[in-house]
Amino acid sequence: MMMSTAAPVVAAPIAYPATQRGFEVEARHGISVPDPYRWLEADVRTDANVAKWVEAQNKVTMAYLAGLPKREAIRDRLTALYDYERFGIPKVSGGLQFFARNSGLQNQSVLYVQAEGAEPKVLIDPNPWARDGATALAEWTPSKDGKHLAYAVQDGGTDWRTIKVRDVATGADLADSLEGAKYTGEVAWLPDGSGFYYSRFPAPPAGQKYQSETQNEAIWLHKVGTPQSADRKFFATPDKPRLGHHATLSEDGRWMVVSSFEGSGGNGIFIADLSKGETPRPLVTALDKEWLFAGASGGTLWFVTNWQAPRYQLVAVDGATGKISTLVAEGKATMTGGALVGKRLVVQTLEDARSVVQLYETDGKPAGTVPLPGIGTATGFDASDDGTTYFGFSSFATPGSIWRYDANSNSATVVREAKVAFNPADYTVSQVFYPSKDGTKVPMFVAHRKDLDMSKPHPALLYGYGGFNVSSTPGFSVSRLVWMEMGGVFALANIRGGGEYGAAWHDGGRLLNKQNVFDDFIAAGEALIARGLTAKGKLAIQGGSNGGLLVGAVTNQRPDLFAAALPAVGVMDMLRYANWTAGRYWMDDYGDMTKPEMFRYNLGYSPYHNVKGGKDYPAILVTTADTDDRVVPGHSFKYAAALQAAPIGDKPHLIRIETRAGHGSGKPTDKIIAEAADLWAFAGYWTGLTK
């Protein structure tokens, strides 16, 4: 990889923009916590003072980044590698195949439709929707007969969606335009294609669209060709306004399954036999376990659940009586989902964070292991009537490929492969296990070029998430590939709080156990150093959202361990996180701040509140976006202001604030490349990779 050797212009200390300090406090449970930067919580789009602060911060940050060595060369290489054809997992309806494709550097992927034996044709191209490429095609669902497509439009990265309907044959939109969808734009089509069920929130208060807490989500029935004002509310819980509700229909259209949830700890289930005109009735009312719908046939419904099974089990439910029977018992692997494909059940599992997919008859009898192309991550396996479905597969050094799977013969055939301009054989991936502070064994993937001299330490990038039962699995990333191509080591730690080993692994890293997440991540860094893979002064850390919280917390706790920190769209104020948008959904992981014990516990690790002077901190580049209405940017604004005000050394503590972008989804390719180039130039400089 050829790179410029121009001398850097990296000055320290940096003259940060002045940030006004206020006198606000967060006073609860007899504790008064200073909150001097609360004014930065205001919406940057409407508050002139916050907008000026953002402009000043970006000016300083961009000037600094422009002086970093090899930044443009990194960007050029990212651009070259991103210029490859890639595909999404197809959906098949009415004999038509619908799939997303990006030719390479298109800001947004294009949706195609293909009839059997015909060439694909463009159905929706979102690239002309906005000059800056920041208006995206989000979720989409074809009707059962393939005649119509409901699709969601996402503007500037917001979680809010506008749902529209397109005539597949003509490629023209109907007049339908539905507002109020958030967190999902997917719909559940009626079997005859005359309409669909969808979830929506009431309109937010004026001027508070991107910050106000969302409540009273309800399921509505929309008939194609009618205005939204004619939609009928089908299911709601006005007595429990914090519950969210999402509807799914079985493939035969007989059963509606409503998943109701208040957080990440679990969900309730309501079911309705639509063939009998039922409205949803409760099947599971407790919200402390997870129930994942896997399909239905006749009067039987199947679910993957951690009810009475921490690593999940497959159960059968009698739709008439509600009786629950174990079909496939809990095993050593963690079940993560299932689907009825034809007359067999496909069950996805994780074994030490690697995908293994099993096949069962509907009576629970094993029918084989689904053939996967290697060690990595498999996604997809949507339910189908005819026994065929599609899945995607990738790993750290394996670009995404799309496979057609036949459950009748338990065989898989590749149908589309991404071709990136690199040789996967030049890279190696291994999995190691290391002890955390309390002795718990934690797995970690390590990837790097095969030709690296591993007798000496190298600059390394350690990534983690550790929350919300989310499993971190091997996947392909152009940006990580470039880091490795440059000579860096990449490591992914499967720390507690995730779902890699079921409910116990999740529980071990949430609420009053949250410190285990930070201990696991710190131990991962120490393990990389102890194994000689990297060294102090060569280790960078990265994480986004809950992972941004992770990076902020461990940087406060062990600033000596890291050379650079890259917290992205992080939850940085752990006392006020529930005040905005989706924050209330996170209480299952972060706790309720009205409870004294949780308030005190969170105060002990909250990144914003624990920036302590007197220690030299690593170089830090905080990233966020102005339209992030999931983790509002005020979290990162306040945290960056606290970093810049504290006596924590002369290394840079900067914030990069993207415009017309959100929490991550829908971000155009050119913004992804520009941000990755800045991150790698920054982390590369401070770990010695680009010096």
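**Exercise 1. Is Thr237 buried or exposed, and what does Thr237 touch?**

Thr237 comes out as buried, because its relative accessibility is 13% and buried means under 20% relative accessible area, with exposed over 50% and partly exposed in between (1.4 Å probe, protein chains only). A word on the ground rules: this is a predicted model, where local features need pLDDT of at least 70 and side-chain atom pairs count only at pLDDT 80 or more, while totals for chains, interfaces and linings use all residues. Residues are numbered from 1 along each chain as its sequence is written, and side-chain values use heavy atoms, leaving out hydrogens and water.

Step 1: find the spot. Thr237 sits in the loop between strand 15 (232–235) and strand 16 (244–249); helices (H or I, at least four residues) and strands (E, at least two) are DSSP runs, numbered from the N terminus.

Step 2: list the contacts. Leaving aside residues up to four places away in sequence, Thr237 touches Leu243 and His245, where contact means heavy atoms within 4.5 Å.

Step 3: look at the side chains. Those of Thr237 and His245 are joined by a polar contact of 2.8 Å. That term stands for a pair of N or O atoms within 3.5 Å; within protein, one must be able to donate a hydrogen and the other to accept it, and residues adjacent in sequence count only if both atoms are side-chain atoms.

**Exercise 2. Work out where Arg531 lies and what Arg531 touches**.

Step 1: Arg531 belongs to the loop between helix 5 (514–530) and strand 36 (539–544).

Step 2: with a relative accessible area of 44%, Arg531 is partly exposed.

Step 3: not counting residues up to four places away in sequence, Arg531 touches Val432 and Phe433. Ser430 is 101 residues from Arg531 in sequence, yet 13 Å away in space, C-alpha to C-alpha.

**Exercise 3. How many residues of helix 9 are buried, and what covers them?**

Step 1: helix 9 runs over residues 634–645, and eleven of its twelve residues are buried. Among them are His635, Phe637, Lys638 and Tyr639.

Step 2: the cover includes helix 1 (48–66), helix 6 (546–557), strand 37 (564–568), strand 38 (619–625) and strand 39 (653–658).

**Exercise 4. In what order do the four strands of the open sheet run?**

Step 1: the order is 28-29-30-31, with antiparallel pairing. Strands pair if DSSP finds at least two bridges between them.

Step 2: strand 28 (377–380) and strand 31 (411–417) are the edges, each pairing on one side only.

Step 3: strand 29 (residues 388–395) and strand 30 (residues 398–406) share seven bridges; Phe391 has Trp403 of strand 30 as its bridge partner.

Methods. The expected span of a helix is 1.5 Å times one less than its number of residues.
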